[in-house]
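I am opening a notebook page for a structure that is new to me, and I will write down what I look up as I go.

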Amino acid sequence: MAQSYFPVSARCSTPVAAELAPTPMNATVMQQAYVERKDSLVHAIDSTKSILTGIRDFNKEDWVVRYPHFRDSSQEQLETTKRPGYQRRSMSFADDPRTETEVVFAEPRKSMTRSLTLASLADVQEELAEQDNQGAQDNAQVEDSARLIPSAAGSDFRVLRLDLKLGPSGSSSSPTALVSQLEKNSIANLIDERITSSLSHVDKLRARVEDTASKVLVTGDLNAGKSTLVNALLRRELMPVDQQPCTSAFCEVHDVAENGGVEEAHIVKEGAVYDIKDVSTFTRARVVDLEEVISENENAQAVIKLYIADPRPSAQSFLNNGIADISLIDAPGLNRDSLKTTALFARQEEIDVIVFVVSAENHFTLSAKEFLLNASSEKAYVFVVVNKYEQIKDKNKCRRLVLEQIKQLSPRTYEDAEDLVHFVDSGSVLNKDAKNPSFETLESALRSFVLVKRSKSKLQPASTYLSHLLSDIDLLAGSNAIVAQSELDSAQADLNRVRPELEKMKSSRDGLETTLGSIEDGKVYEASTRTKSILTAAVDRVGTGELAVKNENISMPTYPGLLRIWDYARDVRCALLASLDSAVEQAEDDARVITTKGFDDVADLAQTHLPAGVERKYKNFHAQAMFTAFRETKGNRKIYRRPSRGTVIPGSMYTLGLGLTQHPELVDTTFFDIFDVQHQFAVYFGDVGKHTEEEDDATPSALGIMSVGIGALTMVGGKAIGARGLVEGVLRVSDLIGNESTRKWLGPVLAAATIGLTAYVVLELPNTIPRTVGRRVRSQLLRTPDGYTEDAAFIPAHARRISGETRKVLRMASWDVRERFRGAMEDRAREVKGAEEIERKAKRAVEYFGEVGRKTGEVRSEAGLVGAQ
Ligand SMILES: Nc1nc2c(ncn2[C@@H]2O[C@H](COP(=O)(O)OP(=O)(O)OP(=O)(O)O)[C@@H](O)[C@H]2O)c(=O)[nH]1
């Protein structure tokens with residue numbers, strides 16, 4: 001037998017038992033129970049609504065709610081879950097179907113949520129649970145039997161299920177396949193929509209639960225005796241009864257109390273929505289004129305509301321039962337015209353009970369069968385009244401045949417036929433003298449059915465829906481709590497990793513700055529000092545007529561003889577200048593080594609200060625690229641070229657960027673390269689005047705002029721002159737001096753001295769020219785060019801240039817490290833900020849979803865929803 005909705009008192013078939021039908025006492029108890037149940041359900045509905053609204057807001061503002069998908073775990077994993085009432089499933093999320101987590105479900109028991117635990121945690125809990133006493137396990141098993149949702153469906157959504165089909169072509173129903181293209185936010189939007197529609201359904205359920213009215217639709221074949229049955233139930237000749245079909249309207253009979261105690265008929269205007277307070281929606285008529293009204297509306301299938309007084313006590317009265325506002329609806333007999341309308345009417349949510357009247361003489365017509373089949377699928381149970389039973393001779397046969405037909409048309413009704421199928425003679429009920437026990441049984445059963453069914457039809461859909469909804473909320477909250485916890489753990493792990501890195505970087509930032517600065521300054525100073533030292537030594541060597549540095553490509557020219565002495569002086573000058581260029585190159589090479597060391601120091605510093613994962617070295621440092629201006633690429637190789645060998649001296653006369661040997665002013669040989677007369681006099685005759693290096697190149701004095709004369713004797717442009725010319729020259733000089741007598745002796749003496757000196761000087765020339773040239777070159781290089789400061793001279797200018805290049809390289813390397821450091825620090829700061837934000841949100845979500853789980857447990861417990869079906 002199917003689950004019964006009949007109280008024990010109503011499950012009777014004898015007149016004696018019928019007296020146990022709801023008495024005023026148990027009617028009150030029933031009403032009280034109903035009201036309590038209704039109130040707790042309304043409270044549960046309100047609480048669920050608030051939870052659901054909260055989730056929707058949380059989804060919008062705080063946390064993108066994830067939608068889980070569950071599938072069966074592997075057999076091996078299933079075997080590891082031993083406890084009854086627990087299911088092991090694989091959980092993934094719609095936006096990330098590939099990541100699966102093993103979880104264990106615990107079905108909801110009294111005041112419990114449908115908990116969802118990570119399998120790893122559940123295993124630990126399981127071990128602990130095994131240590132629990134046997135009594136607790138027994139209780140759990142008892143409660144398992146009252147499981148709200150069958151295990152098989154326990155891990156699926158019922159109300160909040162998302163339809164994730166991709167469209168007509170994407171016909172696959174595998175969530176993994178379907179949702180892989182969906183993003184977290186679009187799924188969150190779908191969840192939002194689902195929650196919104198669920199909220200509006202909850203509102204409807206609430207209104208229905210709050211509605212105390214209950215409608216009983218009496219329908220059946222034409223002329224089956226429907227109106228007769230309604231009259232019998234009301235104990236009053238209200239509905240017109242005729243042997244020919246007469247009811248064409250839907251007559252709803254209500255208790256007179258609903259119309260302020262006035263018996264009245266309200267004919268609902270066509271197309272209007274009836275409102276008892278709005279007279280424009282209906283036309284009034286007298287109840288005694290009902291027959292007339294019905295025949296006037298014969299073809300219109302009107303709806304007529306009838307407010308009728310039933311003076312019987314509430315224990316007997318159907319309308320005035322003291323429990324609910326029941327209305328009886330006498331529908332037109334089923335024929336082809338009315339079938340659709342009646343079926344539509346029957347489907348309305350407010351129709352709680354269908355009483356189907358069938359004539360014992362005719363059984364079920366085709367229309368009746370069609371209607372009953374449809375109605376059964378909607379309402380499951382139908383109350384069947386087989387009328388005119390007293391007319392049948394072979395009552396057993398009739399009963400058997402009718403029940404067989406009911407079995408086909410409404411199996412649930414057939415299963416409960418004892419309570420739901422009644423064979424009666426409604427026609428004789430109004431005859432006060434005749435006893436009619438079968439009708440009294442019917443009446444008692446119908447009262448119980450309507451009142452109990454009312455509780456079921458009104459409250460159960462709401463409580464079932466609510467149970468499913470709470471279960472889905474548990475599922476959603478449980479799975480999201482797991483995700484939130486995992487995000488929280490990962491955010492905290494990130495913070496534990498990144499925060500110390502950031503703190504370390506903050507505290508070492510100043511140190512890095514200082515050290516970078518001191519590396520730069522130190523190496524620049526070293527390069528400058530080294531350059532000065534190399535070039536000072538080089539210039540000094542050149543000053544003594546030697547090559548500045550040893551270089552296999554540079555050598556002093558050999559003396560070519562007196563006739564080519566001019567060329568010799570020029571070649572010596574070029575060799576010395578080239579050796580100086582070489583010394584400059586040496587200083588540059590040393591600066592390269594110093595810079596490379598500085599670069600490595602900077603790189604080491606980066607290694608110490610930069611966190612893991614940040615690229616350390618500034619590109620590739622090519623030391624050979626220093627002091628070059630041109631660069632070309634051969635294949636993968638970069639080739640650096642000097643603009644010319646040697647010197648770039650900003651702010652001096654050598655600013656052309658050419659080597660010393662390329663400067664005409666330096667290379668040009670002058671007379672004084674060969675005969676540095678002042679110097680010779682200083683050496684051979686003592687200090688003739690105050691001789692300074694600066695004067696080496698100064699305008700010749702009178703003595704100098706004499707020297708010019710002497711020099712002119714020996715050479716000009718490499719051409720030797722004859723002895724006669726020499727003597728003439730001496731005489732010409734002597735003409736300038738003194739008187740006749742003096743001339744007499746001075747002439748020969750001067751001539752002899754000049755010849756001797758000239759011979760000496762000429763013989764010494766191969767040795768003196770390099771010294772003279774070197775000294776003059778040295779003097780030129782040490783001199784500060786006119787209009788420039790001291791550091792524009794050869795040595796300080798090179799020191800500045802070379803150390804400047806070192807600074808440039810190291811500054812770029814330092815800048816790069818600083819930038820990387822700054823970038824890495826910003827990244828870490830951003831990472832910390834992001835992780836803190838995730839941590840904050842995840843923490844809030846863990847708390848929130850935990851709270852949701854707690855609240856659903858409370859709602860379930862308070863509304864007694866466990867075990868609701
Ligand atoms: N003998 C007998 N006649 C009945 C019984 N019930 C109804 N009748 C008669 O059957 C005829 C039709 O009854 P109604 O109550 O008008 O039937 P209905 O189903 O309302 O008819 P429509 O609304 O026109 O479809 C009337 O003549 C009734 O007197 C019954 O139990 N026994």
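I note before anything else that this is a predicted model.

I then looked up the pairing of S10. With strand S5, residues 213-220, S10 pairs in the parallel sense over 6 bridges, and I noted that Val 218 has Asp 330 of S10 as its bridge partner. Strand S6, residues 250-255, is joined to S10 by 3 bridges and runs antiparallel to it; here I found Glu 252 bridged to Ile 329 of S10.

Next I turned to helix H8, residues 226-234, and asked how many of its residues are buried. The count is 9 of the 9, so I record H8 as largely enclosed by the rest of the structure. The buried residues of H8 include Lys 226 and Asn 231 as well as Leu 229, Val 230 and Leu 233. After H8 comes Arg 235, for which I read a positive phi, near 55°.

For helix H7, residues 184-210, I checked the length: at 1.5 Å a residue its 27 residues should span 39 Å, and the end C-alpha atoms are 38 Å apart, which agrees. In H7 I listed Ile 187, Ile 191, Ile 195, Ser 198, Val 202, Leu 205 and Val 209 as buried.

Last, I looked at the protein chain as a whole, which has 23 helices and 15 strands. Of its 869 residues, 37% are buried. Among contacts between residues at least 6 apart in sequence, I noted that 76% join residues at least 24 apart.

Notes
Residues numbered from 1 in each chain as written. Predicted model: local features only at pLDDT ≥ 70, side-chain atom pairs only at ≥ 80, totals over all residues. Helix = DSSP H or I, 4+ residues; strand = E, 2+ residues; numbered from the N terminus. Expected span 1.5 Å × (residues − 1). Buried ≥ 20, exposed ≤ 12 C-beta atoms within 10 Å, placed from the backbone. Contact = placed C-beta atoms within 7 Å. Pairing = 2+ DSSP bridges.
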